[in-house]
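Hi everyone, thanks for coming.

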Amino acid sequence: MFSSSLTVAVAAFCALSPAAQALLAEGLTTAQVNSVRQQLMDRAHVSWEYGTATTAVLEMDYPDISVYGWAPFPIPRPLDQDSYIMRNAAKLMDERPKDSKTIMEDGAAGDPMSNAITMLLANYSNPADTRFQSAFYSQLGFIEYDVPQTGDGAISHRVSEVQLWADSCFMVPPSFAYWGAIQTDLEVQRKYLVKAYEQLRLYRDHLRDPNSNGLWMHVVMGTWSDVGHWTTGHGWAASGMIRVYQTIAKSALRDELSWALADLSAWAQEIVGAVWDHQRADGSLGNYLRDDSFTDMSGTAFMAAVTYRLGVITDVSTLIPHADRAFTLVKNSIAADGRLQNVVNPYDFTTPYSDVSPEGQGFVLMCQAAWRDYTAFTNGIHHSLSDVFSAFAKAIAAAKSNEDSTPTKRRRHVPVQMH
Ligand SMILES: *[C@@H]1O[C@H](CO)[C@@H](O)[C@H](O)[C@H]1NC(C)=O
């Protein structure tokens, strides 16, 4: 008892180091959250924006249902029929051609897949409407069997040719993983969790720039490419990895797939560390990670969000101050009507934009939710540390009173797992 408590106390001290970091950023006000969310809901209108919006709203407003919740599998509860996600799901179905192979019509192969989780939640919340399930199955079959792939099996982001975009990491693998995690047949579960991991591994093989310190190119292969280090692309990639990590970590196969968790966390950390090397004095990141590129607060918000998310699964204490500086600037870049200012054009990733970027609005909500959850996590560690201290004190007292009767117990090594 004595030595096992000592092990716990030492382990808790080691785990404390990221948490002991003061949080520099303050969260958004409730009024800001509401106006940012409203702009997101009002302005999202293309496939990946709806998928991004659902992801952001889940993280912000339904944290127990999002993959960042403690126990999101099986799906813990239905969504209200009048929630944004259910209304959006119904709208997508109303607009969908009857024989469509995808959830939404799109030249992009990957982007409509970002709405697959929306379909699964809608089907769960309103199984009487069979359109959700049927759209999901069509979309799954399409992405698995109809979309062209590279020779090594990376699923193209485009329908018409093989072309890989970092964006796809957010749109496709988290949906495969989610479908896997809600399966009761463990063989099917394993198939889709591993498929999600494999797609990320292949995308990393193709997009990680060998001439940089962990940065990714944006688009490779096909009739044109964008080999620049697009900031938002790093957000799509790292966020996709962390969502897949969380999905696997909460699935029935978490122990068997611990090797995949280790890779996903290391890959995301590599991206996040490489990106913050390029943070500017005001806390922002350029649209591309080079000195002459205009400021993009959309990608900046996304990278802050993934950094806080990463802070819950691995020690990125040296990176949290970067996220804090970025988040502070994000907060100060939100106009009175809720729009994030100084963003890249979401429909042309090389130009600045003065209108609302729906994905940028989503990244701000994700950043707020990630900061909130990271803050709660650090407080949780403080709680468990004081619990450990009282257990420690009791163990010392017990060991003292038992000293003569059970001397060998104090020397026995009892390893304790902290998680
Ligand atoms: C849709 O919901 C029904 C009823 O809960 C369930 O049996 C079915 O497996 C669900 N379909 C999908 C694709 O999740």
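When I say helix, I mean a DSSP run of H or I with at least four residues, while a strand is a run of E with at least two, and both are numbered from the N terminus. Please keep in mind that this is a predicted model, where local features need pLDDT of at least 70, side-chain atom pairs count only at pLDDT 80 or more, and totals for chains, interfaces and linings use all residues. Residues are numbered from 1 along each chain as its sequence is written.

So, which element gives the most to the shell around the ligand? Helix 5 does, with 3 residues. Around the ligand we find Leu120, Asn123, Tyr124, Pro127, Gln133 and Phe136, counting a residue as near if its C-beta atom, placed from the backbone, lies within 6 Å. Two or more residues of this shell come from each of helix 5 (116–125) and helix 6 (131–146).

Now for the helix pair. Helix 5 packs with helix 8 (residues 173–181) at about 30 degrees, their axes 9 Å apart; axes are lines fitted to C-alpha atoms over the stretch in contact, and angles run from 0 to 180 degrees between N-to-C directions. That angle makes helix 5 roughly parallel to helix 8, since roughly parallel covers angles under 35 degrees. Ala116, Ile117 and Leu120 of helix 5 meet Ser175, Tyr178 and Trp179 of helix 8, where contact means C-beta atoms, placed from the backbone, within 7 Å.

Finally, the whole protein chain has 14 helices and 4 strands. Thanks, everyone!

Key
Parallel < 35°, antiparallel > 145°, perpendicular 65-115°, else oblique. Contact = placed C-beta atoms within 7 Å.
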